[in-house]
Amino acid sequence: MNFDEELMPRQLPVDDWDTTEDFDPSVPPRTPQEYLKRVQIEASRCPEVVVAKIDPRKLKSNQTVNISPSPEDEEGWKKFCLGEKLYLNSSPVTNEIDNPGIDYVQVGFPPLLSIVSRMSQPTVFNILEYLIIWFGDKKLYPELGRWLYALLACIEKPLLPEAHSLIRQLARRCSEVRAKLGNPEDGELSALNLLICLVARYFQQCDLADND
């Protein structure tokens, strides 16, 4: 085990990929394995020491550069993770010529390592609870699935009582959504199975596991 693994031990078993490989950050990962691969690539490119170059003349008093909402801001985190377009169920008109880049406010911020690695356990629990509540009467959208998977990967073992309750609630909700799927080829099915499997097998909630 190297020094980095001692500071942040792996929470889930992953393969070692070629971290020199390049990828398009504007294209969402298609599988959990691809998401973990991107996390490893991003982590390998993070410098050990980062110095921010900020012009103090452009900063207002009490201004911060943190884009994340406060841990207690439920609505803020839902918009941050899911994007305003999905959260508000709206289709805003944007000028793609004037704004050719990705508007993360509209489509949601991806759960990058640079974001989730800074979260404390209480913050992880808060965000997970917010998203599970939102998931209560909706399908498993890709934006939601990516964040649920990333937050599960951030939960430390042994489980605290709060985390224990949240992951069981998530697995039960996934089972409910899965039971309503009419098409066995539905792309949502594999994501639901993965989340249920993680809760049941990795976090040892065996009574929630599918029968082999």
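At 9% relative accessibility, Glu188 counts as buried, because the cut-off for burial is under 20% relative accessible area. The model under analysis is predicted. Glu188 belongs to helix H10, which covers residues 187-202. Leaving aside residues up to four places away in sequence, the side of the chain that Glu188 touches comprises Lys139, Leu140, Val177 and Leu181. Tyr141 is a further reference point: its C-alpha atom is 7.9 Å from that of Glu188. Along the chain, Glu188 and Tyr141 are 47 residues apart.

The overall fold is helical in its assigned elements. The chain has 10 helices and zero strands. Read from the N terminus, the order of elements is α-α-α-α-α-α-α-α-α-α. Of the 212 residues in the chain, 33% are buried. Among contacts in the chain with a separation of 6 or more, 63% join residues 24 or more positions apart.

Helix H3 was examined next. H3 spans residues 74-82. Its buried residues are Gly76, Trp77, Lys78, Phe80, Cys81 and Leu82. These buried residues pack against five helices named here in order: H4 (84-87), H5 (104-107), H6 (113-116), H7 and H8. Gly83 follows H3 and has a positive phi, near 90°.

The packing of H3 on H7 was then described by axis geometry. Two packed helices are described by the angle between their axes and the distance between the axes. H7 covers residues 121-134, and its axis comes within 10 Å of the axis of H3. The two axes cross at roughly 80°. H3 is therefore roughly perpendicular to H7, a class that takes in angles of 65 to 115 degrees. On the H3 side, the contact is made by Glu74, Trp77, Lys78, Cys81 and Leu82. On the H7 side, Ile127, Tyr130, Leu131, Ile133 and Trp134 make the contact. By class, the residues of this contact are eight nonpolar, two charged and no polar.

Aromatic pairing was considered next. A pair of aromatic rings is described by the distance of the centres and the angle of the planes. The structure holds six aromatic pairs. In one of these, Phe80 and Trp147 have ring centres 6.2 Å apart and planes at 65°. The pair is edge-to-face because its angle is over 60 degrees. Phe80 comes from H3, and Trp147 comes from helix H8 (residues 142-154). The pair therefore ties together parts that are 67 residues apart in sequence. Phe80 and Trp147 are both buried.

Phe203 is buried, with a relative accessible area of 4%. Ring pairs also link Trp77, Phe80, Tyr104, Phe109 and Trp147 into a cluster.

Charged side chains over ring faces complete the aromatic analysis. Lys157 lies over the face of Tyr202, at 4.3 Å from the ring centre. Arg173 lies over the face of Phe135, at 5.2 Å from the ring centre.

Methods
Residues numbered from 1 in each chain as written. Predicted model: local features only at pLDDT ≥ 70, side-chain atom pairs only at ≥ 80, totals over all residues. Heavy atoms only, no water. Phe/Tyr/Trp six-rings, centres within 6.5 Å; stacked < 30°, edge-to-face > 60°. Helix = DSSP H or I, 4+ residues; strand = E, 2+ residues; numbered from the N terminus. Buried < 20%, exposed > 50% of the residue type's maximum accessible area, 1.4 Å probe, protein only. Lys NZ or Arg CZ within 6 Å of the ring centre and 35° of its normal. Axes fitted to C-alpha atoms, helices over the stretch in contact; angles between N-to-C directions. Parallel < 35°, antiparallel > 145°, perpendicular 65-115°, else oblique. Contact = heavy atoms within 4.5 Å. Nonpolar A, V, L, I, M, F, W, Y, C, P; charged D, E, K, R; others polar.
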